[in-house]
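Subject: Structure handover

Hello,

The structure is below, with notes on what was found in it. Please read it alongside the notes.

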Amino acid sequence: MSEARQRLDVWLFQARFLKSRALAARFVSDGGVRLERAGTITRIDKPASLVQPGDILTLAFSGRIMRVEIRALGMRRGPAAEARQLYVIV
């Protein structure tokens, strides 16, 4: 029943949305992320918030809005091709 989870800032870094984990943590703290899980949308402002496969993130990057569904959790920050397998744009 318990599904694997990962810190949001770590996932954003490993999925190559931001260049460092510190930048990912600041991005989350500044309110740039909304989480949709089981039909409920929540603004996330804590980098240690846990995400899991199936969650949908809405990311606000300097005027651009991107919605991605988490497909998998990363084990490392690998090449871009590997990072793209962690999510799908919705």
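Buried residues, meaning those under 20% relative accessible area with a 1.4 Å probe and protein chains only, make up 39% of the 90 residues in the protein chain. This is a predicted model, in which local features need pLDDT of at least 70 and side-chain atom pairs count only at pLDDT 80 or more, while totals for chains, interfaces and linings use all residues. Numbering starts from 1 along each chain as its sequence is written, and side-chain values use heavy atoms, with hydrogens and water left out.

Overall dimensions: the radius of gyration, taken over C-alpha atoms, is 12 Å, which agrees with the value near 12 Å for a compact globule of 90 residues (rule: 2.2 Å times the number of residues to the power 0.38). The C-alpha atoms fill a box of roughly 35 × 25 × 25 Å along the principal axes.

Secondary structure: the chain has three helices and seven strands, in the order β-α-α-β-β-β-β-β-α-β. These are DSSP runs, with helices being H or I of at least four residues and strands E of at least two, numbered from the N terminus.

Strand pairing (at least two DSSP bridges between two strands): S5 (residues 56-61) runs antiparallel to S2 (residues 33-37), joined by four bridges, and Thr58 in S5 stands opposite Arg34. S5 is also antiparallel to S6 (residues 64-70), through six bridges; Leu57 has Val68 in S6 as its bridge partner. S5 and S6 form a hairpin with two residues between them, and Ser62 in that turn has a positive phi of about 35°.

Regards

How values were computed: Buried < 20%, exposed > 50% of the residue type's maximum accessible area, 1.4 Å probe, protein only.
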